[in-house]
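Visitor: Could you take me through this model one feature at a time, giving the general idea before the particular case?

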Amino acid sequence: MSVDEVPVHSGGAPALEVRRLTVSYETRPVLWDVDASFPTGALSAIVGPNGAGKSTLLRAALGLIPADAGQALVQGRPARSALDRVAFVPQRDAVDWDFPITVREVVEMGRYPVRGWLRRLTGEDRAIVDEALERVGMGPFARRQIGRLSGGQRQRVFIARALARQAPVMLLDEPFAGIDARTEATLLDLLRELRAEGRSIVVVHHDLGTVRASFDWALVLNVRAVACGPVGEVIVPQTLRRAYGTDAVNDGAQDGELRWVR
Amino acid sequence: MGPLIDALPFSYTVSVIALGAAVLGLTAGVLGTLAVLRQRTLVGDALAHATLPGVCVAFIATGAKDASTLLVGAGAFGLIGALLVVGLERSGRTRPDAAIGVMLSSFFALGIVLLTYIGSLNQSGQAGLESYLFGQAAGLVERDVTIMAALGLGALAVVAALFRPLKSTLFDADHAAAGGLPIRALEVVMTALLVVAIVIGVRTVGAILMVAMLVVPAAAARQLTGRLAGVLVLAGLIGATVGVTGALLSAQSGLPTGPVIVLVGFLVVLACLLLAPGRGILWRARKLARDRRRLLVEGVLIDLETALHGGPPPTQHELALASGRPRRALRRALGDLERTGALARDGERIYLSESGAASVHAVLERRDLWSAWLEHGWRLELPDAREPDPRDLRASLGDEHADRLRALAAEARA
Amino acid sequence: MSSDLIILLTAGLTATACGLLGPFLVLRRNALMSDAVAHAVLPGIVVAYLIFQTRAPLPIVAGAAVFGIICVLGIDALRGTGLVKWDAAIALVFPALFALGVIGISTYASGVHLDLDSTIYGEIAFAPFLSLDVLGAELPRTVVLGFAAVAANLAFVALLWRKLKTTSFDPQYAQAVDVSPARMSRLLLVAVAITAVISFESVGAILVVTLLIVPAAAAHLLTDRLTAMIAITVAIGWASAIGGLSFASAADASIAGMMGVVAAGCFVLALLAGPRYGLAARAIRRRRAGRRARVALGAAREAGAPS
Ligand SMILES: Nc1ncnc2c1ncn2[C@@H]1O[C@H](COP(=O)(O)OP(=O)(O)O)[C@@H](O)[C@H]1O
Ligand SMILES: [Mg+2]
C-alpha cells in the first residue's frame, strides 16, 4: 500500500495521540519521551521487540497505569475523559479461564459501560450483543463457559466484547498471539471491515509481514518511539534495525512473505 | 428473628444456633466466593487471624463480653489487617505469600499475647474470649443472630447492587478499568465484604478455621455451575447447609464448633470434586475410559477388516498376532463388538456381521474425512467459529460442510 | 541449669531451627505451604499418642512427618486436578487436617496428654519441669529436642545446600540439570513438619509459623545474599527469644506469643528502615530518580527542539 492511500482524515484530530509519554515501573523507565499519533479511520500497528513497552503504551494511554510525564489524547480529548470512545482488548495472559462466566456474559460486559454499570441491559443491548457474537462467528457458542473454548475462539469472544462497545476507536493488545491461522485470517478480515466502516483501530502486533501487507500505519517502538508513520515509510530496514537489531529484520521480512494471508 | 425461631422444629436454643449458623454460612459462602475467584482466599485466612487481637482490644477497652461489641473490634482489626496485607504486597520486596504469612502470624501472636494478658488480669473474663479460637455455637443468643443477619443482609445487598461491576472486575480488571470502573475502589469493597463475612463467622467457627468457611462453599459451587450468579447462589446455599449441619452436630456432641463445621464442609467439597457432572474427577475418569474403549474397539474393528481382506476369517489368536494388541485388550474389544452384534463366528473363526461391516465403513469414512480436513480444510469456508473435533469431525463441522469437504477431496483426487 | 536458662535455650533453639528453614520458604514462595504443614501435623501428634501411648519423641516425629506429607501431597493433588486454584487447595486441606487434630484432642483429651490450650500457647513455661532420659542422664527435654532439631536442620541445609539454592533461584534450570524443584520443596516441607512438631511443645502449633516466616521475611528485606539472610534470620530469632521472654514476664502474657510479637516488631523495623529495600530508602531513591528523569527529559527536549 502506498503512502497516499492511507485514509488519514486531514484536519480532524487523530484517533489516538500520545505526547511526550514517559512511564516507569519503580525507577526503571520503560517508555521514554514517546510521541506518536494514529490517524482516524486507519488500521494501525504498534510493533517492537518483546519488552519494548507496547502494552505499557496502551495501558498508560488509557490511564490504567500512571505516567511520569506526558499525555494521551483520544480524538483530541484527554484519554481519561474519552474512555467511552475506546474499546480495549487487553493482552490475555492474566485471564483466569476457569472463571465461572459464559461467552455471552463476557460480550455483555462490553455494554455495561455504555448502558451504565448498575442498569439492566435493554433489548437493544441484547441485539447488539447478538450481532457482535455473529460477526465473530461465536453465535452458536454463546452459552459455553469461557474455558471450554479453543484459543482462537477465546480471542473472538474478546473482540466481540470490544465490538459490543460500539466505540469509534479500538485498541487491541496482541490479539493474534497464539491463535490458529484460520482465526487470524478471519479476524484480520473483520478488522478491515471495521476500518471500512470508519473505525480507527490500533493493534499491537509482532508479525512484520502481516503489518506490511495489511496495515496502513505503524509505530515502531523500543522504549523510545523509533518511527511513526505510514507503513511504507516506517516498516523499512533502517528503522527496524534500530528497534530490533540487524538479524531480526531479515527474519521478519521472510516470515512475512511466507505467511499465509488470504 | 422471633417468628423464624418459633417456626423451626427445634428447641429455642437449638433454633438460635441453627439460624446463626445459616446466616454465617450464607454470607461466608457468597462473600468468600469473591475472594476465591480473585485467588485471595488466604488473605481471608490472614484477616480471620487478625480479628483475634481486635476482639481482645475491644474487650480491654470496654470490658464488655457481649458478642456485638467485640465484633466491632474484630471488624476494625480485620480492615487494618487487609490494608496492611495490600500495603505490604505493594511495598515491592515482600512477595504476596510472605506478606500474607507475616500478617497472619504476627496478628495471631499479638492476639495470643493479649488473650493471656487478659487471662492474667481476670480469670473469669478470658473464658468467653477463648471461644474465638476454635469457635463456639453454643453461646449464641438471639440478639447476636439478629445483628449477624442484619450485617449479612447488608453485605449481600451490596453484592446484588454491584453485581455487574464486581463481575467485570473479577473477570478482567484491565478491561473493567478501561471501561471507566474504579477497580481499586471495588477491590476495597470486596475486601471489606470479606471482613464482614469473617466478623459474622469468627465467633462460631473460630479465627483459625474461618478460612475454610470462605473457601468450601465457593469451591463446591464452582464444580456445579459455570456462571457467576449460579456460583454465588449455590455457594450461599451450600454454606448455609454446611454451617447448620456442623453447628447442630457440634451442639449435640459438645465438640468445638469450628472443626466440626470444617470437616462437614470438607466432605461436601470432596463429593463435589469427585462427582460433579462434566468436571468431577470420577466423571472425567469415566469419560476418558469410555473414549479409550471406543478407540480400542474401532481399532480392533479395522484390524479385523484388514485380516478378513487378506485371507480367511482369523481366530482370536491369529488376530492378536496380526494386530499386535495385548490379548486382554483384544478380548475386551471383541466382547464389546459381540454384544453390539457386530461379530459373527464360525467356530473359532471370527468375521463381521452385516452391522459390523457397516460400522467398519463408518469408521473408515471418519478417518478419510479427517485426512481430508488436514489436507483441504483450509479451503473450506466455515460460517462461524466452529472447530474440528477429531473424535467426530462430521458432527463438529456439520453435515453440509463435511460433505463439502469430501467433495473437495474427491475433486483433488480426480 | 536454672529454669530461666532452660526456657531461654528452648526458645532460642526453637527459633534457630525455624530460622534455618525460613529463608528457603520465603525465597521459594512456600511461606503459606509451611503454614499449612505446621497446622497439619496436629492430627499426626494425636494419632501417635493414641497408638504408642507415649510422649517419646520418635513416634510423634514420625506421626507428624506422615501427616505433613499427607498435607503436601493432598494440596498438590488438589491443584493437579485443575478444579481449584492453589490458594483454595491450601485453604481446603490444612483446615480439614487441623480440625481432625482438634477433634481428636477434644475426644481423647486424657489419652493424649494434650489439651487445646497447649496446641495454641505451647508449654514453654513448663519446660524446666520436663526431662528426658538420655543415656542415663536426666536432661531438660525441650533443650535436648531443640538441639536435635537444630542439628537435623543444619545437616539438612548443609547436605542439600546447592540443590536448595539452585531450585530456589531458578527452578527451570534446576529441572534441566535433574534436580526436581518439586521434590526439593517436598523435602523442605517434611523438614518443616518435623521442626513444627518439635517446636510444638514449646511454642504451640501456630506460633511455629511466626518463627518460620517472620524473621526470614525481615531478613529478606535486609540482604541479597543467602548466607547472610540465614544468619540474620537466626539472629532475629534469638532477639525474639530474649525479647519475648523479658516482655512476657513483664506483661504476664504468653512467652511464645510475645516472641512472635517481637519478631513482628523486627520485621516492621526492617520494612521501614532497611538499607536498600526499606520503605524510607525506596522513597528517597524514587524521588531522586524522578528528579533525574525530569532533568534528562528537559535536556532531551531542548536538544530536540528546532533551533
Ligand atoms: N507490572 C510491571 N512491573 C514491573 N515491570 C513491568 C511490569 N509490566 C511490565 N514491566 C516491564 O516493562 C517492560 C515493558 O513491558 P511491556 O509493555 O509489557 O512490553 P511489550 O508489551 O512490548 O512486550 C518489560 O521490560 C517488562 O518486564
Ligand atoms: Mg505486551
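Guide: Let us begin with a polar contact, meaning a pair of N or O atoms within 3.5 Å, where within protein one must be able to donate a hydrogen and the other to accept it, and where residues adjacent in sequence count only if both atoms are side-chain atoms. Here the side chains of B:D303 and B:R325 are joined by such a contact of 2.6 Å. This is a predicted model, in which local features need pLDDT of at least 70 and side-chain atom pairs count only at pLDDT 80 or more, while totals for chains, interfaces and linings use all residues. Side-chain values use heavy atoms, with hydrogens and water left out, residues are numbered from 1 along each chain as its sequence is written, and chains are lettered from A and ligands numbered from 1 in the order in which they are written.

Visitor: In which helix does B:D303 lie, and does it count as buried or exposed?

Guide: Helices (H or I, at least four residues) and strands (E, at least two) are DSSP runs numbered from the N terminus, and B:D303 lies in helix α14, residues 281–310, of chain B. Buried means under 20% relative accessible area, exposed over 50%, and partly exposed in between, with a 1.4 Å probe and protein chains only; B:D303 counts as buried because its relative accessibility is 18%. Contact means heavy atoms within 4.5 Å, and, leaving aside neighbours within four places in sequence, B:D303 is in contact with B:L319, B:S323 and B:R325.

Visitor: Which residues are in contact with B:S131 and with B:G75, once neighbours within four places in sequence are left aside?

Guide: For B:S131, which is placed in helix α6 (residues 123–134) of chain B, they are B:Q136 and B:R203, and this serine counts as buried because its relative accessibility is 8%. For B:G75, in helix α4 (residues 67–90) of chain B, they are B:V195 and B:V199, and the glycine counts as buried because its relative accessibility is 14%.

Visitor: Which backbone atoms lie close to ligand 1, and at what distances?

Guide: An oxygen atom of ligand 1 is 2.8 Å from a polar backbone atom of A:G51, while a backbone N or O atom lies 3.0 Å from a ligand oxygen in A:G53 and 2.8 Å from one in A:K54. The protein covers 59% of the 560 Å² of accessible area that ligand 1 has on its own, where accessible areas come from the Shrake-Rupley method with a 1.4 Å probe and, for residues, only the protein chains shown count as cover. The elements of chain A that give two or more residues to the shell are β2 (28–38) and α1 (54–61), and α1(A) gives the most, with three residues.

Visitor: How many helices and strands are there in chain C, and what share of its residues counts as buried?

Guide: Chain C has 12 helices and two strands, running α-α-α-α-α-β-β-α-α-α-α-α-α-α from the N terminus on, and 55% of its 307 residues count as buried. Its C-alpha trace spans about 90 × 50 × 35 Å along the principal axes. Among contacts in chain C between residues at least 6 apart in sequence, 70% join residues at least 24 apart.
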